[in-house]
Amino acid sequence: MELQKPMVSVFCTAYNHEAYIRDALEGFVSQQTNFPFEVLIHDDASTDGTANIIREYAQKYPNIIRPVYQTQNQYSQKVPIIKTFLGPIAQGKFIAYCEGDDYWCDPLKLQRQVDFLESHPEYASCVHNSTVLNCKTGERRTISNRTEETDLLPLDTMERGNGEFQLSSVLHRRELWYNRPDFCNTAGFGDYPLAIYMSLVGKGIRYMPQCMSVYREFAAGSWTSRMYLTPDPEKVHRHYAEVKKMLEKVDVYTQGKYSEDLRRISRKQDYNALMELKAYKQAIRECQDVVAQISAAERRRLYLQAYCPKTYSALRKVWLRVKNVMK
C-alpha cells in the first residue's frame with residue numbers, strides 16, 4: 001500500500017542544539033493532525049550530542065522525522081542549507097519552519113493552520129503569535145500585542161518584518177518557497193524578506209493570536225547572541241546595509257507602489273544600527289528625522305539612555321521588579 005504524501009513539510013535546521021533539540025522534536029511528534037506531515041531536519045555537523053538525539057527520534061518516528069546529517073559544516077562554507085538540502089526533497093503541499101533551538105508548544109498548531117489555508121485558498125500563508133523566552137534572564141513575553149485574528153498587510157511586514165511574528169509560526173503554500181523573487185535571496189537573513197513576500201501574494205498573511213510556539217532569544221550560539229550581546233560594529237552596519245539593499249529590490253518588485261514608505265523604512269535602518277551599538281547620542285544627532293517619527297515613549301527612553309543612563313538603568317530595574325510582582 002502506497003503511503004499518503006505529507007500535507008506539510010517542516011524545515012528544521014540544527015547545529016549544536018543538544019540543550020534544545022529535544023523540545024523541538026517533541027513539539028513536532030506531539031502534533032495532532034488528520035493528515036500526515038514530515039519533518040526535514042538538517043544537522044550541520046554538530047560537535048555535541050545533537051545528531052544522536054535526532055537519530056533517536058528518527059528511529060522512533062520514521063514516518064515523521066527525515067534527517068539529513070552532515071560530516072562537514074555547510075553554513076561556514078556559505079552553503080544555503082534549506083535551498084540545497086531540504087527544499088529539493090520536500091513533498092508537502094505546505095511548508096512550515098522551526099529552528100532547532102525553538103519549539104512548538106501547541107499540539108493543534110499545524111491542524112489549525114492547515115484548516116485555515118485549505119478553506120481560504122486566497123491566502124498565501126498563516127502565522128500565529130509566539131512566546132519569546134529570554135535565555136539570559138528567563139523572562140517571557142509575546143512577539144505581538146495583537147489579540148484578534150486579522151490580516152497582516154504589506155506595510156505591516158515592511159515596517160516590522162518578522163517583528164509581527166516569528167519564523168516558527170509560519171505555514172505557507174509550497175509554491176511560494178519555490179517561486180520566491182530575487183529580494184528573498186538577500187545574503188545573511190531570510191525571515192524579513194519572506195514576511196514581505198508572503199504579505200504581497202493574494203490576500204497575504206492571516207494572523208492567529210494564539211501563542212503556539214516558543215522562540216528562544218539569546219540561546220547559546222544563536223544569531224541574536226552574536227548580533228546583540230557582543231555586537232561587532234562592522235557586522236551590524238553590514239547587516240543593515242543588506243536590509244537597505246533588500247528594500248530597494250522590494251521597491252522594484254512592487255513597481256514603486258510603496259516607494260515613499262520604503263524610503264522612510266530604509267532610512268530607519270541607520271537608526272536601528274546605531275541603537276544596537278548603543279550609540280544613542282549619535283542616533284539622536286544623525287537620525288533626527290527618524291527620532292521625530294518614533295513614539296513619545298520611545299523618544300523619552302532614547303533620551304534617558306543617551307543623557308541619563310544611570311537613571312534609565314534604575315527605572316528599568318524598578319519596572320522589571322513591578323512586572324515580576326504583577327505576574
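**Note on selected features of the predicted model**

1. Lys-78 is exposed, with a relative accessible area of 75%. This residue belongs to the loop between strand E3 (65-69) and helix H3 (81-86).

2. Although Ala-45 is not a glycine, its phi is positive, at about 60°. The residue is found in the loop between strand E2 (37-43) and helix H2 (50-60). Is Ala-45 buried or exposed? Its relative accessibility is 15%, and residues under 20% are classed as buried, so Ala-45 counts as buried.

3. The next point concerns a pair of helices. Two packed helices are described by the angle between their axes and the distance between the axes. For helix H7 (residues 191-200) and helix H9 (residues 233-253), the axes come within 11 Å and cross at roughly 15°. Because angles under 35 degrees count as roughly parallel, H7 is described as roughly parallel to H9. The crossing of H7 past H9 is right-handed.

4. How many of the residues of H7 are buried? The number is 8 of 10, and the helix is thus mostly covered. Among the buried residues are Tyr-192, Leu-194, Ile-196 and Met-198. Just after H7, Gly-202 takes a positive phi of about 60°.

5. The structure holds 19 salt bridges. In helix H9, Glu-234 and Arg-238 lie 4 residues apart, about one turn of the helix. Their side chains meet in a salt bridge of 3.4 Å, N to O. Glu-234 is exposed, at 57% relative accessible area, whereas Arg-238 is partly exposed, at 43%.

6. A salt bridge of 3.9 Å, N to O, joins the side chains of Glu-242 and Lys-245. These two residues are 3 residues apart in helix H9, so about one helical turn separates them. Glu-242 is partly exposed, with a relative accessible area of 22%; Lys-245 is partly exposed, with 47%.

7. In helix H10 (residues 259-276), Asp-261 and Arg-264 are 3 residues apart, and therefore separated by about one helical turn. They form a salt bridge in which the closest N and O atoms are 2.9 Å apart. Asp-261 is partly exposed, at 23%, and Arg-264 counts as partly exposed, at 29%. Elsewhere, salt bridges that share partners join Arg-146, Asp-156, Arg-160 and Glu-164 into one network.

8. Val-318, Trp-319 and Val-322 make a nonpolar surface patch of about 270 Å². Trp-319 is placed in helix H14 (residues 309-326) and is partly exposed, with a relative accessible area of 47%.

Methods: Residues are numbered from 1 along each chain as its sequence is written. This is a predicted model: local features need pLDDT of at least 70, side-chain atom pairs count only at pLDDT 80 or more; totals for chains, interfaces and linings use all residues. Side-chain values use heavy atoms; hydrogens and water are left out. Patches are made of residues with over 30% relative accessible area and no salt bridge: like charges are joined within 9 Å, nonpolar side chains (Val, Leu, Ile, Met, Phe, Trp, Tyr) within 5 Å. Accessible areas come from the Shrake-Rupley method with a 1.4 Å probe; for residues, only the protein chains shown count as cover. A salt bridge is a side-chain nitrogen of Lys or Arg within 4 Å of a carboxyl oxygen of Asp or Glu. Buried means under 20% relative accessible area, exposed over 50%, partly exposed in between (1.4 Å probe, protein chains only). Axes are lines fitted to C-alpha atoms, for helices over the stretch in contact, and angles run from 0 to 180 degrees between N-to-C directions. Angles under 35 degrees count as roughly parallel, over 145 as roughly antiparallel, 65 to 115 as roughly perpendicular and the rest as oblique. A crossing is left-handed if the near helix is turned anticlockwise from the far one by less than a right angle, and right-handed if clockwise.
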